[in-house]
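Subject: Structure handover

Hi,

Here is the structure I promised to pass on. Please load it before reading further; my notes come after it.

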Amino acid sequence: MPIRKKLVQTIALAAGVVAALGGTVHSAAPKTDAAKIANAMTAAPPAISRNATIAEMNEDGTMKVLRKGTGAWTCVPDDPSSAGNDPMCLDPNAMEWLHAYMTKAPPPDKVGFIYMLQGGWDFSNVDPFATKPDGKPTITGPHVMIVGPAVKMAPGYDRTGNGVNPALPYVMWKDTPYEHLMIPVR
Ligand SMILES: [Cu+2]
């Protein structure tokens with residue numbers, strides 16, 4: 001998953017980590033509302049993101065709507081505090097899940113679905129609230145996510161945690177309330 005606390009230290013740290021890994025620093029995070037909307041729309045197929053509401057997530061879990069949509073989906077632009085480009089599009093249940101995560105509340109007992117077709121970048125595969133690395137960051141390519149407590153009942157997915165092969169389907173944040181399936185699509 002995505003969205004971390006937008007701490008200045010985190011940005012500095014992420015930049016340092018990525019530089020240390022030989023990657024490029026994520027300096028292309030969208031700045032204007034128009035750029036944020038365009039970025040958010042790349043998370044899902046156009047048929048979905050075209051009509052989606054585009055909203056930024058504030059640190060306290062509230063939303064700032066950048067564009068009101070007519071469809072059921074919400075797309076969120078890249079989180080500038082993480083090193084990767086990681087916009088996402090969420091169905092209504094997944095929005096409730098994300099809000100629960102942002103406010104550290106128990107997620108609703110619903111199944112939600114999220115597109116992350118630009119991929120994801122996470123400090124930790126085991127700690128939902130990590131703001132610094134506890135190993136190598138988990139860098140996942142284009143994927144979709146299934147979220148909600150029911151995910152615990154889906155057997156057969158890799159629960160390695162840190163060091164997982166993110167090219168294959170796996171469980172992120174296992175044994176936490178925010179455990180979810182990461183399913184690569186390319
Ligand atoms: Cu993800």
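Below are notes on one helix and on a group of paired strands.

First, a caution: this is a predicted model.

**Helix α2**

Helix α2 covers residues 33-41. Its buried residues are Lys 36, Asn 39, Ala 40 and Met 41. What lies over them? The cover includes helix α3 (46-49). It also includes three strands: β1 (53-57), β2 (63-67) and β3 (74-76). As background, an α-helix has 3.6 residues a turn, so residues three or four places apart point the same way.

**Strands β8, β9 and β10**

Strand β10 spans residues 180-184. It pairs with β8 (residues 143-147) through 5 bridges, and the two run antiparallel. β10 is also joined to β9 by 3 bridges, again antiparallel.

Met 145 stands opposite Met 182. Tyr 170 also has Met 182 as its bridge partner.

**Val 171**

Val 171 sits in strand β9, which runs over residues 170-172. Is Val 171 buried or exposed? Val 171 has 21 other C-beta atoms within 10 Å, and the cut-off for buried is 20 or more, so Val 171 counts as buried.

Which residues does Val 171 touch, leaving out those up to four places away in sequence? They are Tyr 157, Asp 158, Arg 159, Glu 179 and Leu 181. Val 171 and Met 182 are 11 residues apart in sequence. In space, their C-alpha atoms are 6.1 Å apart.

Best wishes

Note on methods:
Residues are numbered from 1 along each chain as its sequence is written. This is a predicted model: local features need pLDDT of at least 70, side-chain atom pairs count only at pLDDT 80 or more; totals for chains, interfaces and linings use all residues. A residue is buried if 20 or more other C-beta atoms lie within 10 Å of its own, exposed if 12 or fewer, and partly exposed in between; C-beta atoms are placed from the backbone. Helices (H or I, at least four residues) and strands (E, at least two) are DSSP runs, numbered from the N terminus. Two residues are in contact if their C-beta atoms, placed from the backbone, lie within 7 Å. Two strands pair if DSSP finds at least two bridges between them.
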